[in-house]
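Please look at the sequence and the coordinates first.

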Amino acid sequence: MIVETLTSPVILFFVLGVFAALIKSDLAIPEAFAKAMSIYLMAAIGLKGGIEVAESGFTPDLAAAAVAGLGLSFLLPLLAFTLLTRIGKLGQIDAGAVAAHYGSVSVVTFVTAKEILTGQGLSPAGYMVAVLALMETPAIISGLLLARRGQPQRANAESSGLLHEVFANGSVVLLVGSFAIGLIAGKDGFEPVKPLFDTGFRGVLCLFLLDMGLIAARRLVQSKKLNARLVSLAIALPLINGTIGVAIGTFIGLDVASAAALGILAASASYIAVPAAMRMALPEADPGIYLSMSLGITFPFNIILGITLFSQLALMIG
Amino acid sequence: MIETVSRKRIEILVDTPLVPRLIKHARDVDISGWSLIHVDAGGGRDGAWQHDDVTGAAAKTIILMIASEAKAAALVDAIAPLLDSYRLLLTVGDVQVVRGERF
């Protein structure tokens with residue numbers, strides 16, 4: 001399974017992107033095309049998730065996974081904050097901002113994991129897309145509370161701007177919206193658009209991961225903010241969070257693939273919704289730290305190793 | 001020959017998520033016009049960075065404004081306390097404009 005994962009075109013295209021960035025190749029994906037691919041992938045994954053829930057209905061498993069996802073997103077930043085302040089030696093504000101990233105999730109990591117797991121006959125339940133959407137934002141609240149603990153309240157205008165950023169964020173709107181469309185349209189309604197959203201999905205994901213490999217490696221190469229402690233934590237946090245996620249998923253009775261998906265969600269770190277929210281809410285926090293950790297280290301770690309590790313763990317304890 | 005008037009040209013390099021806050025500061029000192037300029041890449045004390053539309057995580061924007069000396073001074077006073085925490089790059093220069101009554 002490990003070799004199968006590491007030799008899949010999806011992962012190899014990501015590795016190619018990382019390699020191209022490291023040798024300073026001029027390879028580049030046009031920005032508008034990359035943005036269009038990200039919209040396509042989020043719409044496709046939301047639609048498919050909605051259709052699967054329309055087929056299976058609202059089950060107790062769905063409710064349990066949703067509650068587990070919400071709980072993980074709220075609570076994982078507490079653990080991250082403790083490790084970041086004690087081992088990483090970060091100040092309260094930087095630690096709170098980084099912790100929020102590690103409680104939230106990476107859509108691309110989830111999409112890649114779902115594709116790889118499905119290819120190996122371990123298809124996570126469709127409702128995991130809803131869990132993904134639910135896990136985007138609670139960590140932002142936890143991270144802000146940790147960073148602002150013991151400090152004066154912010155002005156209402158700033159808070160309302162942040163709330164708008166959090167809940168009207170493009171990726172959240174598209175993911176939740178396409179999930180709802182899939183839920184309403186159902187399998188029959190999906191048939192006419194299936195050639196666009198299903199047939200080309202894996203190929204587009206390959207090209208998108210090529211671009212993400214370029215972006216992640218360039219972020220890492222350009223970073224001047226990381227030290228050995230923070231690099232170690234950027235690998236340790238997904239390992240700890242992912243193990244907790246798989247254990248909880250198994251404990252609440254999810255199937256092996258969905259428990260693995262919950263672990264991968266818990267292990268992933270946001271680099272889209274949370275950085276923008278943190279820049280608004282905690283402008284004093286250093287983006288060079290939280291972006292380099294989440295995008296430069298944790299994201300490639302999860303794509304190349306984490307997905308395999310957590311699916312193996314789910315198979316072992318499931 | 002067309003008559004020109006002296007005004008201040010204010011440029012602020014800022015992380016894109018913070019643009020609305022700076023625009024509000026400009027409005028508060030009665031500067032009603034601004035332009036946003038997309039920035040592709042750059043470098044500084046904290047290293048180099050590149051814009052990417054996918055994550056938007058390192059997006060930066062230049063806010064360009066033309067204002068009278070009094071309004072420019074009021075804006076600089078308002079945002080001076082934010083220069084470090086917001087990691088702003090603020091420059092103010094002299095320019096000649098036609099239709100000076102508009103600024």
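Where in chain B is the place of B:Arg87? B:Arg87 sits in the loop between α2 (69-79) and β6 (89-97) of chain B, where helices (H or I, at least four residues) and strands (E, at least two) are DSSP runs numbered from the N terminus. This is a predicted model, in which local features need pLDDT of at least 70 and side-chain atom pairs count only at pLDDT 80 or more, while totals for chains, interfaces and linings use all residues. Residues are numbered from 1 along each chain as its sequence is written, and chains are lettered from A and ligands numbered from 1 in the order in which they are written.

**Backbone and loops**

Most residues other than glycine have a negative phi. Phi of B:Arg87, by contrast, is near 55°, a positive value in a residue other than glycine, and B:Arg87 counts as buried because 21 C-beta neighbours lie inside 10 Å. Here a residue is buried if 20 or more other C-beta atoms, placed from the backbone, lie within 10 Å of its own, exposed if 12 or fewer, and partly exposed in between. A:Lys89 likewise has a positive phi, of about 60°, although it is not a glycine; A:Lys89 lies in the loop between α4 and α5 (92-103) of chain A and is exposed, with 12 other C-beta atoms within 10 Å. A further loop residue, A:Gln120, is found between α6 (107-119) and α7 (128-135) of chain A, and with 14 C-beta neighbours inside 10 Å A:Gln120 counts as partly exposed. Although A:Gln120 and A:Gly96 are 24 residues apart along the chain, their C-alpha atoms are separated by 37 Å.

Chain B has 2 helices and 6 strands, which run β-α-β-β-β-β-α-β from the N terminus on. The C-alpha trace of chain B spans about 45 × 30 × 25 Å along its principal axes, and 24% of the 103 residues of chain B count as buried. Among contacts in chain B between residues at least 6 apart in sequence, 74% join residues at least 24 apart, a contact being two residues whose C-beta atoms, placed from the backbone, lie within 7 Å.

Between the chains, 23 residues of chain A are in contact with 18 residues of chain B. On the chain A side, the elements that give two or more residues are α3 (31-56), α12 (201-222), α15 (273-281) and α16 (287-317). The residues of that side divide into 10 nonpolar, 5 polar and 8 charged, where Ala, Val, Leu, Ile, Met, Phe, Trp, Tyr, Cys and Pro count as nonpolar, Asp, Glu, Lys and Arg as charged, and the others, Gly among them, as polar.

**Helix α14 of chain A and its neighbours**

Helix α14 (residues 256-267) of chain A has 12 residues, which at 1.5 Å a residue should span 16 Å, and its end C-alpha atoms are 16 Å apart, in agreement; the expected span is 1.5 Å times one less than the number of residues. Of the 12 residues of α14(A), 12 are buried, so α14(A) is largely enclosed by the rest of the structure. What covers these buried residues includes α4 (60-86), α6, α7, α13 (228-251) and α16 of chain A.

| Helix pair | Angle | Axis separation |
|---|---|---|
| α4(A) and α7(A) | about 25° | 9 Å |
| α13(A) and α14(A) | about 150° | 7 Å |
| α6(A) and α14(A) | about 155° | 10 Å |

α13(A) is thus roughly antiparallel to α14(A), and α6(A) and α14(A) are also roughly antiparallel to each other, whereas α4(A) and α7(A) are roughly parallel; angles under 35 degrees count as roughly parallel, over 145 as roughly antiparallel, 65 to 115 as roughly perpendicular and the rest as oblique.

The contact of α6(A) with α14(A) is made by A:Thr109, A:Phe110, A:Ala113, A:Lys114 and A:Leu117 of α6(A) and A:Ala257, A:Ala260, A:Ala261, A:Ile264 and A:Leu265 of α14(A), and its residues divide into 8 nonpolar, 1 polar and 1 charged.

Definitions and conventions:
Axes fitted to C-alpha atoms, helices over the stretch in contact; angles between N-to-C directions.
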